[in-house]
Amino acid sequence: MNDYKHTVLCVDDEENILRSLKRLFRREDFRFLTAETGEEGLKILQENPVHLVISDNRLPTMSGIEFLAEIRENYPDTIRMVLTGFTDLDTIMESVNQGHIFKFILKPWNDQNLIMDVRQALQQYDLIQSNKQLHERVLEQNQQLKKMNENLEDMVQKRTKELEIQNQALELSRAILTDLPVPIMGISPDGMIVLINNEAQSLSVEGEDIQIGKNLKDYFGAEAEEKISSTISSEMSQTLEDRRISGEARHLIFTPLSGRFAGEGIILTLEHGKI
């Protein structure tokens with residue numbers, strides 16, 4: 001009978017009560033087990049998953065209240081109901097306080113009402129289990145989210161550190177380039193001067209200072225423009241020899257950028273010539 005989703009255990013020392021309940025529940029969609037004492041009921045609970053316990057209040061040796069209290073302690077998920085012929089207030093309060101029962105039903109019972117009560121108790125069990133699973137899932141997802149946030153923070157910190165190092169390297173490179181004792185310019189692919197160091201800033205061509213934003217052909221003609229194009233396309237250094245700059249002859253050395261900046265421009269170095 002393992003196909004049933006639920007198991008209901010009824011504990012009563014009156015055999016005729018247990019037989020009546022078996023007949024009443026024979027068409028219900030749950031497994032129905034019986035015991036005549038609390039001890040027998042606990043043994044069944046040890047050996048079977050039980051979702052609902054219906055117990056008489058008066059049982060031999062162990063009382064129904066003691067029996068339900070022990071179930072509450074060891075099987076807290078199991079729904080508990082009392083089915084009894086005794087109605088004194090103290091008994092009801094003791095059952096509620098110690099056994100945390102779902103329902104207190106009096107004998108003789110109404111068949112249809114009892115069936116509805118049992119169905120509601122099993123629905124209550126399913127609802128509680130669904131809520132527990134949902135709560136556990138939320139906790140698990142919160143843990144996953146917390147771990148993801150921690151990993152994201154680590155990634156951000158690592159990336160921030162990398163950017164700080166790159167910025168420091170860039171600033172250092174600019175400082176070195178600026179103070180190099182050799183005139184150097186950065187030229188874009190279309191010939192615009194985008195960078196000059198201090199040494200280059202001190203030079204002039206035909207009385208005109210070399211300035212950022214002007215085109216290299218404005219100083220050295222179309223031949224310089226062609227050298228830029230051939231340097232980028234061939235990825236090899238090119239030279240224009242002996243151009244007069246600040247009254248001296250200098251060679252223009254066109255060097256292509258490499259790596260991830262390949263094709264993005266050239267470095268122009270002005271070396272002393274022979275004139």
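## Helix α5

Helices here are DSSP runs of H or I with at least four residues, numbered from the N terminus. In this predicted model, helix α5 covers residues 111–179, and Met155 is placed in it. The 69 residues of α5 should span 102 Å at 1.5 Å a residue, which agrees with the 101 Å between its end C-alpha atoms.

The buried residues in α5 are Leu114, Ile115, Asp117, Val118, Ala121, Leu122, Tyr125 and Gln129. Packed against the buried residues of α5 are β1 (7–11), α1 (15–25), β3 (52–55), β4 (79–84) and β5 (103–106). Met155 has a relative accessibility of 56% and therefore counts as exposed. Together with Leu152 and Val156, Met155 makes a nonpolar surface patch of about 300 Å².

## Salt bridges

The whole structure contains 14 salt bridges. One of them pairs Asp126 with Lys5, with the closest N and O atoms 3.4 Å apart. Asp126 belongs to helix α5 and Lys5 to the segment before β1, so this pair ties together parts that are 121 residues apart in sequence. Asp126 is partly exposed, at 21% relative accessible area, and Lys5 is exposed, at 57%.

Glu14 and Lys107 form another salt bridge, their closest N and O atoms being 3.9 Å apart. Glu14 lies in the loop between β1 and α1, and Lys107 in the loop between β5 and α5, so the pair ties together parts 93 residues apart in sequence. Glu14 is partly exposed, with 35% relative accessible area, while Lys107 is buried, with 17%. A salt bridge also joins Lys103 to Asp117, where the closest N and O atoms are 3.1 Å apart. This pair links distant parts of the chain, with Lys103 in strand β5 and Asp117 in helix α5, 14 residues apart. Lys103 is partly exposed at 30% relative accessible area; Asp117 is buried at 12%. Through shared partners, salt bridges join Asp12, Glu14, Asp56 and Lys107 into one network.

## Buried loop residues

Glu28 sits in the loop between α1 and β2 (31–35). Its relative accessible area is 12%, so Glu28 is buried. Apart from neighbours within four places in sequence, Glu28 is in contact with Tyr4, Ile115 and Arg119. Glu28 and Tyr4 are 24 residues apart along the chain, and their C-alpha atoms are separated by 10.0 Å.

Asn48 occupies the loop between α2 (38–47) and β3. Asn48 is also buried, with a relative accessible area of 17%. Setting aside neighbours within four places in sequence, Asn48 is in contact with Arg31 and Leu33.

## Backbone geometry

The peptide bond joining Lys107 and Pro108 is cis, with omega about -10 degrees. Pro108 lies in the loop between β5 and α5.

Glu235 has a phi near 55 degrees, a positive value in a residue other than glycine. Glu235 is placed in the loop between α7 (217–234) and β10 (238–245) and is exposed, with 58% relative accessible area. Asp242, another residue other than glycine, has a positive phi near 50 degrees. Asp242 is in strand β10 and counts as partly exposed, at 24% relative accessibility.

Key: Residues are numbered from 1 along each chain as its sequence is written. This is a predicted model: local features need pLDDT of at least 70, side-chain atom pairs count only at pLDDT 80 or more; totals for chains, interfaces and linings use all residues. Side-chain values use heavy atoms; hydrogens and water are left out. Patches are made of residues with over 30% relative accessible area and no salt bridge: like charges are joined within 9 Å, nonpolar side chains (Val, Leu, Ile, Met, Phe, Trp, Tyr) within 5 Å. Accessible areas come from the Shrake-Rupley method with a 1.4 Å probe; for residues, only the protein chains shown count as cover. A salt bridge is a side-chain nitrogen of Lys or Arg within 4 Å of a carboxyl oxygen of Asp or Glu. Helices (H or I, at least four residues) and strands (E, at least two) are DSSP runs, numbered from the N terminus. Buried means under 20% relative accessible area, exposed over 50%, partly exposed in between (1.4 Å probe, protein chains only). The expected span of a helix is 1.5 Å times one less than its number of residues. Contact means heavy atoms within 4.5 Å.
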